[in-house]
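Dear colleague,

Please find below the structure that I am handing over to you. My notes on what was found in it follow directly after.

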Amino acid sequence: QLQLVESGGGLVQPGGSLRLSCVASGGTLDYSAVAWFRQAPGKEREGVTCMSSSKSSTNYLDSVQGRFTIAKDNAKNTVYLHMRSLRPEDTAVYYCAAATGLPCPEYYSSNYYRQYSVMGRWGKGTLVNVSS
């Protein structure tokens, strides 16, 4: 059974950078779409970005476009989220998820990300706190 574990969160100053990691075990990510989500205090969980199994397609939440980058290393069975120019409003618990049968589309759609609620495998999250 696929398990996902996030790491790399912590306290970072506005304008700073972080790299989050999501290590998969018990299965391979080779044939899965992968995604990052976040949930800010008092807010709904939202999809941040996804990547197709072939790495041929990605999309990003508008507020992180140009600042965040998703990457996947199949050899390490690991997904990354590179974050730069961080803002206080990026403060949230960040989760990774994986799913077969949910190919990442070319354009961002909240409806796409909602499908992970029932079809995805999830990590337990890592906290990112953007504050001075």
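In this predicted model, Ser-32 counts as buried, because its relative accessibility is 6% and the limit for a buried residue is under 20%. Ser-32 is found in the loop between strand β3 and strand β4, the latter spanning residues 33-39. Setting aside neighbours within four places in sequence, Ser-32 is in contact with Ser-52, Ser-53 and Lys-72, and also with Ala-98, Ala-99 and Thr-100.

Of its 7 residues, 6 are buried, so β4 is largely enclosed by the rest of the structure. Phe-37 lies in this strand. With a relative accessible area of 2%, Phe-37 is buried. Between the C-alpha atoms of Phe-37 and Cys-50 the separation is 9.0 Å, the two residues being 13 apart along the chain.

Which strands does β4 pair with? One is β9 (residues 92-99), which runs antiparallel to β4 and is joined to it by 7 bridges. In this pairing, Ala-35 stands opposite Ala-97. Another is β5 (residues 46-51), where the pairing is likewise antiparallel and extends over 5 bridges. Here Trp-36 stands opposite Thr-49. The hairpin of β4 and β5 has 6 residues between the strands, and within this hairpin Gly-42 takes a positive phi near 75°.

A further pairing involves strand β1. Strands β1 and β3 (residues 18-25) run antiparallel and are joined by 5 bridges, with Ser-7 opposite Ser-21 of β3. In a regular strand, side chains alternate between the two faces of the sheet. Strand β1 (residues 3-7) has Leu-4 and Glu-6 on a covered face, while Gln-3, Val-5 and Ser-7 form the uncovered one.

Turning to the whole chain, the protein has 2 helices and 11 strands.

Taken along the principal axes, the box filled by the C-alpha atoms is roughly 40 × 25 × 25 Å. Of the 132 residues, 45% count as buried. Among contacts with a separation of 6 or more, 62% come from residues 24 or more positions apart.

The surface and the charges may also be of use to you. The protein chain exposes about 6,800 Å², and carbon and sulfur atoms supply 48% of this area. There are 13 positive and 9 negative side chains, and the centres of the two sets lie 4 Å apart.

With kind regards

Technical notes: Residues are numbered from 1 along each chain as its sequence is written. This is a predicted model: local features need pLDDT of at least 70, side-chain atom pairs count only at pLDDT 80 or more; totals for chains, interfaces and linings use all residues. Side-chain values use heavy atoms; hydrogens and water are left out. Helices (H or I, at least four residues) and strands (E, at least two) are DSSP runs, numbered from the N terminus. Buried means under 20% relative accessible area, exposed over 50%, partly exposed in between (1.4 Å probe, protein chains only). Contact means heavy atoms within 4.5 Å. Accessible areas come from the Shrake-Rupley method with a 1.4 Å probe; for residues, only the protein chains shown count as cover. Lys and Arg count as positive and Asp and Glu as negative; His and the chain ends are not counted. The place of a charge is taken as NZ of Lys, CZ of Arg, CG of Asp or CD of Glu. Two strands pair if DSSP finds at least two bridges between them.
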